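Me: I am new to this structure. Walk me through it, please.

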Amino acid sequence: MSDTTTNPELAIAMRGVTKIFGDDPQTALALLRSGKSKSEVQTETNHVVGLDNVSLDIAKGQIFVVMGLSGSGKSTLIRHVNRLIEPTAGEIIVNGSDVIQMTTDELRAYRRTRIAMVFQKFGLLPHRSVIDNVAYGLEVRGVGKDERLATAAKWIEIVGLSGYEQSQPRQLSGGQQQRVGLARALAMDTDIILMDEAFSALDPLIRSGMQDQLIELQKSLGKTILFITHDFDEALKIGDRIAVLKDGALQQEGKPEDIVLRPANEHIEEFVREVNKARAIHVRSIMQAGPGEPCNILVPRDARCEDVLPLFAEHEWVGVKDEHGTQIGSITAKQVIRALARYTPAPADPAS
């Protein structure tokens with residue numbers, strides 16, 4: 001892995017981050033490093049291993065998803081980035097700064113100006129209006145009232161809540177409350193946004209809408225977003241890269257199609273067995289390269305197969321474009337169908 005001090009493309013680098021909860025974590029750490037498992041360490045020391053030697057590189061401007069089942073360590077991990085949790089061992093570098101070595105004043109400034117967080121339970125202040133909730137982080141930062149309210153109003157409009165500025169949180173639906181939380185984080189205008197199970201408390205349709213909005217916002221904002229979820233379909237839909245944790249240890253990290261099409265172990269195979277492959281496979285990985293015959297219908301090379309399948313109802317093929325809008329390839333329905341069939345396991349033989 002690269003070092004953020006020499007690689008300006010990295011927003012976050014975690015190196016060997018380990019967290020052990022208990023009164024004597026160093027003794028438990030020694031056992032863990034000697035080869036003991038998480039359960040063995042807990043049995044022998046009554047200490048809980050939250051993270052076990054996790055190393056990750058998170059590039060600037062991407063949505064990086066960390067997923068896993070309950071108890072996998074994903075929420076523990078995200079709280080290390082803003083040092084709400086202190087690691088037992090390891091290093092955390094954010095935009096070239098060593099978070100672990102920050103003084104109290106440096107850490108306070110870092111949390112106020114360089115990083116924002118969206119919580120699962122919304123985290124809204126019940127006695128404040130929507131606009132005052134969105135402006136709260138700017139108020140803490142010391143921004144003047146007129147400026148912070150103007151900024152808050154802008155983001156309220158962007159997340160689709162115009163007209164609710166003076167409403168109280170209790171008057172909003174769950175989806176609306178989460179939009180307030182998102183607007184509050186965006187109003188801080190930080191390079192990095194942490195989202196801990198931000199959509200998991202929402203109903204499925206509202207959740208899907210919030211995922212779509214996040215994807216659309218990211219196209220124009222280009223933030224670095226560290227997103228925590230237990231939902232693999234959600235990870236595939238929004239993630240540029242995905243890391244999977246189990247028992248605090250990293251199991252696999254890579255592009256969505258890498259995880260789905262080339263699972264590293266049985267644990268990952270269990271996750272991907274029933275997954276929608278069309279959501280994981282990107283057009284770029286199966287297209288016919290080359291400008292070819294011009295086409296009026298162009299899709300981004302990062303589009304997923306599920307995005308292009310509906311287009312084949314009216315078109316035999318569609319073009320694929322790069323970030324500049326130049327046609328760089330083409331794709332047909334047959335190519336998509338073959339790709340999906342290639343990575344879909346055959347049904348078990350009932351006679352076996």
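Reply: Helices (H or I, at least four residues) and strands (E, at least two) are DSSP runs, numbered from the N terminus. This is a predicted model, where local features need pLDDT of at least 70, side-chain atom pairs count only at pLDDT 80 or more, and totals for chains, interfaces and linings use all residues. Residues are numbered from 1 along each chain as its sequence is written, and side-chain values use heavy atoms, with hydrogens and water left out.

Me: Which residue just after helix 7 takes a positive phi?
Reply: Look just past the end of helix 7. The phi there is about 55°, and the residue is Asp 189.

Me: How many residues of helix 7 are buried?
Reply: Buried means under 20% relative accessible area, exposed over 50%, partly exposed in between (1.4 Å probe, protein chains only). Among the buried residues are Gly 175, Val 180 and Arg 184. Helix 7 is mostly covered, and the count is 12 of its 14 residues.

Me: In what order do the four strands of the open sheet lie?
Reply: Two strands pair if DSSP finds at least two bridges between them. The pairing here is antiparallel, and the order is 2-1-4-5. Strand 2 (48–59) and strand 5 (97–98) each pair on one side only, so by that definition of pairing the edge strands are strand 2 and strand 5.
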